[in-house]
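Here's a quick tour of one protein model and the ligand that sits with it. Have the viewer open while you read.

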Amino acid sequence: MSKIFDIIKAPKVIKEQAENIGEVAEDAKSFNIKKIIDEALEKIGQVNIIIAGKTGVGKSTLVNAVFKGNLAETGVGKPVTQTMKEYSKEGEPVHIFDTKGFELGNALTIREELKSEIEKRKKLGDMKKQIHLAWFCISNDGKRVEKAEIEFINDLAKEIPVVVVLTKTLDTSLEFYNIVKDECREATNVIRVLAQPYETPIGTIPAMGLEELIDHTYEIVPDIAKAALAASQKVNESITKKAVDKIIAVAASSAAAIGATPIPFSDAVLLAPVQIGMIASICKVMKVDADRAFLTTIITSAAGVLGATITGRTVVRGLIKCIPGAGTVIGGSISAVTASLLTTGMGYAFYNAVRTAQGKSIEDITAKDLGEAFKEELKKVKF
Ligand SMILES: Nc1nc2c(ncn2[C@@H]2O[C@H](COP(=O)(O)OP(=O)(O)O)[C@@H](O)[C@H]2O)c(=O)[nH]1
Ligand SMILES: [Mg+2]
């Protein structure tokens with residue numbers, strides 16, 4: 001609660017946001033749901049990660065274990081430099097830059113090429129195109145690290161954050177980990193993982209460390225890449241929640257700005273693009289594959305509106321009416337606090353609805369079911 005009031009009290013934020021309100025008003029009037037969704041997805045951004053390390057240490061296995069879409073197997077890499085290929089998949093906001101096996105003799109070439117690629121992208125000024133960090137993989141089974149690798153890591157860390165990933169961790173000994181930690185001083189962390197369970201004659205060693213790797217990576221990537229990381233990974237629930245919190249906070253502050261601006265048709269309808277955009281972003285981060293038809297069905301069935309007649313006004317009125325006690329604000333102008341509270345309530349109601357639907361482990365969540373669950377959650381919002 002206090003967070004919301006902090007946002008509302010910040011006049012600078014409100015002023016900045018108010019400058020966009022003309023645009024928001026235009027969107028609200030035309031209620032172009034496709035445009036709202038496209039913009040929300042655009043805001044999810046992209047995360048660009050370099051994977052380096054010797055052949056066979058488990059780079060591809062790691063990428064496939066962490067990210068959706070079997071990037072490292074099915075993707076045909078697009079050559080970026082002599083030693084680096086870019087893997088990506090339509091609809092997944094992660095791009096993996098896989099470097100050629102880091103064998104003796106080519107470390108220097110890889111290093112030079114990487115550096116100039118990183119520089120080139122920095123000059124573009126577009127955060128979305130930059131390389132955000134590197135995972136350098138060393139086998140924790142082989143327990144050998146070469147001088148060339150250590151130099152590479154400490155050198156690359158001057159350009160971008162480098163996480164050392166000790167792959168194929170089959171035992172709990174810390175000896176090798178401590179050596180690597182000691183040598184790779186510039187790395188942000190050294191993390192031990194086993195990407196896939198390992199079968200031994202006496203039993204299976206379970207996978208480990210992937211959640212920690214993603215937790216740490218989430219902390220060190222720039223803000224612009226956080227939602228994309230949350231949306232593209234499949235091993236860490238808690239960063240999904242963090243990313244959802246952030247989406248809701250941003251939407252609540254936009255809503256507060258709308259509420260605080262005395263414009264002629266200041267009414268619930270102005271909140272529509274903000275709230276629908278928020279819902280589209282939450283879908284993406286929570287891996288609900290929501291295209292326009294899907295989203296329209298969720299929202300209209302929750303709001304009790306017929307698909308054919310949807311407008312910003314009908315949809316938002318329908319949704320707000322579900323929140324007990326909130327009906328009275330419809331029609332009049334909404335204060336900053338009310339707008340913010342409504343938006344926050346709606347955001348978490350939607351998050352809970354998706355959680356509930358996913359918890360039922362329905363293979364394909366239908367839009368109508370999700371809409372019904374959303375409606376139920378809206379009824380629980382304290383307003
Ligand atoms: N069980 C298990 N096998 C692994 C793991 N990581 C790598 N491997 C195996 O090690 C071999 C090389 O892995 P790969 O991902 O192709 O290495 P890359 O050359 O660095 O991309 C493959 O046979 C993998 O199945 C792991 O975490 N668990
Ligand atoms: Mg590979």
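A residue is called buried here if 20 or more other C-beta atoms lie within 10 Å of its own, exposed if 12 or fewer, and partly exposed in between, with C-beta atoms placed from the backbone. By that count, buried residues make up 47% of the 383 residues in the protein.

Keep in mind that this is a predicted model, where local features need pLDDT of at least 70, side-chain atom pairs count only at pLDDT 80 or more, and totals for chains, interfaces and linings use all residues. On bookkeeping, residues are numbered from 1 along each chain as its sequence is written, while chains are lettered from A and ligands numbered from 1 in the order in which they are written.

**Confidence and overall layout**

pLDDT is the predictor's confidence in each residue, from 0 to 100. The protein averages 86 on that scale, and 87% of the residues score at least 70. Residues 1-15 are where to be careful: pLDDT is below 50 there, and beyond near neighbours in sequence the stretch has 18 contacts in the model. A contact means two residues whose C-beta atoms, placed from the backbone, lie within 7 Å.

The secondary structure comes to 17 helices and 9 strands; these are DSSP runs numbered from the N terminus, with helices being H or I of at least four residues and strands being E of at least two.

**The core**

A nonpolar core is a set of buried Ala, Val, Leu, Ile, Met, Phe, Trp, Tyr and Cys residues joined through C-beta atoms within 7 Å. The largest one has 122 residues, and Phe136, Ile153, Val162, Val164, Val165, Ile247 and Ile282 touch the most other members. Helix H12 (residues 237-260) supplies the largest share of this core, 13 residues. The core also draws at least three residues from each of domain 1 (2-30 + 236-379) and domain 2 (45-232), with bounds that come from an automatic or database domain assignment.

Zoom in on Ile153: leaving out residues up to four places away in sequence, it touches Phe136, Val162, Val164, Cys184, Glu186 and Ala187.

**Around the ligand**

Which residues come nearest to ligand 1? Of the 14 around it, they are Gly58, Lys59, Ser60, Thr61 and Ala195. A residue makes this shell if its C-beta atom, placed from the backbone, lies within 6 Å of the molecule. Helix H5 (residues 59-66) gives the most to the shell, with 3 residues. By type, the shell divides into 4 nonpolar, 8 polar and 2 charged, where Ala, Val, Leu, Ile, Met, Phe, Trp, Tyr, Cys and Pro count as nonpolar, Asp, Glu, Lys and Arg as charged, and the others, Gly among them, as polar.

Ala195 is found in the loop between strand S7 (189-192) and strand S8 (198-200). Is Ala195 buried or exposed? Ala195 counts as buried because 25 other C-beta atoms lie within 10 Å. Its contacts, skipping residues up to four places away in sequence, are Gly58, Thr61, Leu62, Ala65, Thr167, Ala207 and Leu210.

Lys54 is placed in the loop between strand S1 (47-53) and H5. With 19 other C-beta atoms within 10 Å, Lys54 is partly exposed. Beyond four places in sequence, Lys54 touches Gly101, Phe102 and Glu103.

Asn189 is in strand S7, and it counts as partly exposed because it has 17 C-beta neighbours inside 10 Å. Apart from neighbours within four places in sequence, Asn189 is in contact with Val163 and His216.

Asn70 is found in the loop between H5 and helix H6 (71-74), whereas Lys143 lies in the loop between strand S5 (133-139) and helix H8 (147-156). Asn70 is partly exposed, with 13 other C-beta atoms within 10 Å, and Lys143 is partly exposed with 16.

Finally, here are some pairs set apart in sequence, with C-alpha to C-alpha distances.

| Pair | Apart in sequence | Apart in space (C-alpha to C-alpha) |
|---|---|---|
| Ala195 and Asn64 | 131 residues | 8.7 Å |
| Lys54 and Phe136 | 82 residues | 9.2 Å |
| Asn189 and Val162 | 27 residues | 7.8 Å |
| Lys143 and Thr167 | 24 residues | 10.0 Å |
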